[in-house]
Amino acid sequence: MKVYLDAVSTTALDPEVRETYKNLLDKYYCNSDALYDDGVAIYDMQEKSRKLTAEMLKVKKDEIIFTAGASEANSLAIKGLCLNNQKRRHLITSIYEHSSVYNSFRQLENDFGFEVTYLKPDEKGHITPEAVKNALRDDTLLVSIMQVNNEIGAFNDVEGIAAIVKKHPGTYFHTDITQGIGKLDVDLHNVDMASFSAHKIHGLKGSGGLMRKEFVELMPLISGGQQEFSIRGGTSNALSNIVFAKTLRIALENKDKYNSYLYELHDQLINGLEGVATINYADGLCTLVNISTPLTSEVLLNALNDRGIMVSSKSTCGSRKNELNRTLNAMGIDEDHAIRISFDHTNTKEEIEYFISNLKEILDKYA
Amino acid sequence: MLELLYDHIVVRYGELSTKGKNRKDFTRQLTQNIRKRLQDHKNLTYNTLHDGLFIKLNGEDYNVIKEELKEIFGYSYFSGAIRVNKDIDEVKKVTLELANTHEAKTFKIATKRHDKSFPLRSDEINRAVAGNILHNTKLTVDVHEPDLMIYISVDRDFIYVMDEKARGGGGYPTGINGMALVMMSGGIDSPVAAYLTMKRGLKIECIHFASEPYTSKQALEKVLTLAEKLSHYQEEINVHIIPFTDLQLAIYKNVDEPYCITIMRRMMYRIADEICKQRKIKVISNGESIGQVASQTPESITVIGKVADTLILRPLCMMDKLEIIDIAKKIDTYETSILPYEDCCTIFDPKNPVTKPKEDKCLYYETLFDYETLLEECVKNDRIVKVSYRKRGKEDESIF
């Protein structure tokens, strides 16, 4: 039996998305910027997808830039904005951002001389609007705070932070909504930029986007042609962009449909873990639980892997690096023993049960 | 709002009511148009009476239907309604319930007695109902600016209680006045002209002059998109696509530049006229507006219009550009219209077009080449595309 409990790392492709993508692949190969019929047909579909995506996020059509995922979108938002507005030199982010955000800030700090304030989460795992407010300076150019943390699932009051930044003239607010899109509601009214990807919601890898409001000017990081409003050059990955609208639509439909089911799985998991493992964090996204056991993460991961159970010990994007884990460290969680369990509506109660019983066995035997 | 309580929709004819003998035809056409538009709501049942059309919801969603109903021409207003028996106590009960559901402080009752045989007069009904509400709630009467308006309509078989009056599309039921052929370039004006034409009870077909390869497929696609948007008002629109390039090239080869547009427009009217004759269409309609361009001066319009026998109507003739744009935005054609594709009028834009063309000069130019054969070719190669908003949505569904 294979049990996949790493949904915040990535997800399997939705069958409907796969089918549509396959059909498009068979039929369309032309460049979406070509002016003959087949090119125009692809372009039109891509723009329709852009429009539908924008409608679902309640923004304007031309505020959606398709990218090859959230890491690119984060890079583009942060570096693209800062390199274009170099008069202001102060930036604010948090210590527990995804590496694509964190390392963009590090780059701006180390290579371009910006000054960066890294906010630490409070004991509940949150970056509060007050914390942001206190860190704002007259020369603050950008605030970037993630919606949902990818390792503990804590979510931040993005609307509250956005409202505060909005009142601060000349400061932009960016949020990484990769772990929240299609799962949590977010009001982007006061948000200047938001990054997201498709593969966390059963879409294609290498597909995502950046929402950036009309008035936000970015320096292109990939120089090229007219694609994506001349902000992101390169032949469009049009077919991926076309199926993004469907990917998001299905996710949003499922969000409402499976909401109570996901809480049932959550409760089952929490109850099952009682007396078995220490729960480090389970107050955020209901589909993510961070736990610790007496075994080191590596040993537990191996033992679970032998039994066909897939979980992560930390953010998958840092899985092969021996760096200090910023999130767990900030939360005072011993990273050597932490395990992240995440699921979604495609998981079953049997799978959760299978995980719990195997975890018990492993701990009995090796711990 | 009391959508949850509504069990009916009452549609009132308005302007139609003035039409003596033809009234039956009008109400029949209106009912037919409404039934077609609401065909997806299979549970609805219809009752067409002298004073209005009564649609029973049978569980269908009023809020969805409401938006669709607004796109139908030929009636003045409609309301979501609660039907009660012709008994004043029942009316009192329902209106009280209605008053309790609203978060209003003040109210007003307006009764209309379509059935004059009902024992209570309108005023007596008003007083009985208002008295009951005053007695049983904290609401007070405000006849000038009430928070809640309650309309009571005493009809032949039932009494209807309503709390809103929504404006209908106005005008006449599309189709009641026959057919019109709308000349459609793809610009801002022609879709507005088409809309106003339909609103006046004329069912439309569209004619578009395509000059490929000088104009692109996107330009044609744009016209079809516009037609699709307009099809909301009459379900399906036939678009005639006329291959115009050869005739246009002949004009530019033989006619002096200032007269090119004049002659070109005369050719377009001839083709439109011929298609009207073949298809028994009574009216040509277009988006010409006095003075807008050289071909739309009074002199130009006169000389150009002379070639057609069919009645030519120009709904925008006296309208200001901003007024036209307002309507274009309202009917959601503006954004499509301003897409930057060349149409056949802009492609051979002469530098000094004549603003006061003379008919004898036109006739002279037209002796210089055999336009009749070219016209015949145009008419013969007319390609008709049926466009409907219903079809387009379905193709997309699988991808999005």
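In chain A, 74% of the contacts with a separation of 6 or more join residues 24 or more positions apart, two residues being in contact if their C-beta atoms, placed from the backbone, lie within 7 Å. The model is a predicted one, in which local features need pLDDT of at least 70 and side-chain atom pairs count only at pLDDT 80 or more, while totals for chains, interfaces and linings use all residues. Residues are numbered from 1 along each chain as its sequence is written, and chains are lettered from A and ligands numbered from 1 in the order in which they are written.

Chain A holds 10 helices and 12 strands, these being DSSP runs numbered from the N terminus (helices H or I, at least four residues; strands E, at least two). The radius of gyration of chain A, taken over C-alpha atoms, is 21 Å, close to the 21 Å from the globule rule (2.2 Å times the number of residues to the power 0.38) for 367 residues, so chain A is as compact as a globular protein of that length. The C-alpha trace of chain A spans about 65 × 55 × 35 Å along its principal axes. Of its 367 residues, 47% count as buried, meaning that 20 or more other C-beta atoms, placed from the backbone, lie within 10 Å of the residue's own.

Turning to the interface, 10 residues of chain A are in contact with six residues of chain B. Helix H2 (37–57) and helix H7 (238–273) of chain A are the elements giving two or more residues to this side of chain A, and H2(A) gives the most, with six residues. By class, the chain A side comprises five nonpolar, two polar and three charged residues; Ala, Val, Leu, Ile, Met, Phe, Trp, Tyr, Cys and Pro count as nonpolar, Asp, Glu, Lys and Arg as charged, and the others, Gly among them, as polar.

Chain B is divided into domain 1 (8–167) and domain 2 (179–397), with bounds from an automatic or database domain assignment. The centres of these two domains, taken over C-alpha atoms, are 42 Å apart. Their contact takes four residues from domain 1 of chain B and six residues from domain 2 of chain B. The domain 1 side has one nonpolar, one polar and two charged residues.

A helix pair can also be followed in chain B. B:Leu247, B:Gln248, B:Ile251 and B:Tyr252 in H7(B) meet B:Cys260, B:Ile263, B:Met264 and B:Met267 in H8(B). The residues of this contact divide into seven nonpolar, one polar and no charged.

How values were computed: Buried ≥ 20, exposed ≤ 12 C-beta atoms within 10 Å, placed from the backbone.
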